[in-house]
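User: Hello! I am new to this structure and would like to know what lies behind the terms used for it. Could you show it to me?

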Amino acid sequence: MKRRYRATATATVALTAGAVLAGSAFATQAQAAAPPKPTIVAKGGFVMNNGTGKTLFTKAADTRRSTGSTTKIMTAKVVLSQKNLNLDSKVTIQKAYSDYIVSKGASSARLIVGDKVTVRQLLYGLMLPSGCDAAYALADKFGTGTTRGARVKSFIGKMNATAKSLGLKNTKFDSFDGIGGGNNYSTPRDLTKIAGSAMESSTFRSIVKTKSTKQKVTTKSGGYRYMAWSNTNKMLSTYSGAIGVKTGSGPTAKYCLVFAATRNGKTVIGTVLTSSSEANRTADAKKLMDYGFKL
């Protein structure tokens, strides 16, 4: 009996020791598998898995900040959400759009007064060169009212209604392009959710992953011209798997970027707001996507 007890006890100790060693090995592996949280220059940042909605990184993710031209993601989303949308319907470019660009010193798609440009083309002009003239044209086209001012106000109302429908409590728009009156803001978390929702549209996805395009538009005289637009989002050429989505900048917004990439079937999407330079916002985004793919 004693010998049997000792043998059993010895086996138990050995098994227990083995379990401890195995457990500690697993713990070590788990620790090794968790990458260090990156440090970014931007004042705010957020990253999530676009497939599951799981949060992967936060830095002041719910602090309201100026968004610059990343606002145009919502502009495009509102347009693409219109019932019975005809992307090939034509919009005549008005002098008001051109005057607006000049008065604001705003980024432009270089639209020519009198040209007839399709809604699809305006979306390219909006998202690639970040055309504020294209944003104005779309707001004028898809807002409701008897005057241009009323239509623009109506369109901005649709942007805010869409934000509310997405459950966003820290987002407000007072412009169609990000050049607002000081009451145009969002957060890294909210902007990422807006972008994730917009990416559900195949048209939106196709546009924001386009590096450059040449579009044939009809002139006032009935002829045609080609408009060439390049994407301000350099991530498309410098980050493997990048699929969008939008740059932004401004005196208050500084440098912003909403970004997304897909690798091995996993899509990481996120936002950095108020970075200190174009180079730093790009570096911030790359760090965050690298981190997101490791998790």
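Analyst: Here are some questions and answers about this structure. This is a predicted model, where local features need pLDDT of at least 70, side-chain atom pairs count only at pLDDT 80 or more, and totals for chains, interfaces and linings use all residues. Residues are numbered from 1 along each chain as its sequence is written, and side-chain values use heavy atoms, with hydrogens and water left out.

User: What makes K77 buried yet without a salt bridge?

Analyst: Buried means under 20% relative accessible area, with exposed over 50% and partly exposed in between (1.4 Å probe, protein chains only). K77 is buried. A salt bridge needs a side-chain nitrogen of Lys or Arg within 4 Å of a carboxyl oxygen of Asp or Glu.

User: Why is helix α2 called largely enclosed by the rest of the structure?

Analyst: Nine of the nine residues of α2 are buried, so the helix is largely enclosed. Among them are K72, I73 and L80. Helices here are DSSP runs (H or I, at least four residues), numbered from the N terminus, and α2 covers residues 72–80.

User: Which residues does K77 touch, leaving out those up to four places away in sequence?

Analyst: K77 touches T162, L166, I194, S197 and A198; contact means heavy atoms within 4.5 Å.

User: Which residues touch the most other members of the largest nonpolar core?

Analyst: They are I73, L122, L123, M127, F204 and V245, in a core of 60 residues. Such a core is a set of buried Ala, Val, Leu, Ile, Met, Phe, Trp, Tyr and Cys residues joined through side-chain atoms within 4.5 Å. Helix α5 (residues 132–142) gives the largest share, eight residues.

Methods. Helix = DSSP H or I, 4+ residues; strand = E, 2+ residues; numbered from the N terminus. Lys, Arg positive; Asp, Glu negative; His and termini not counted.
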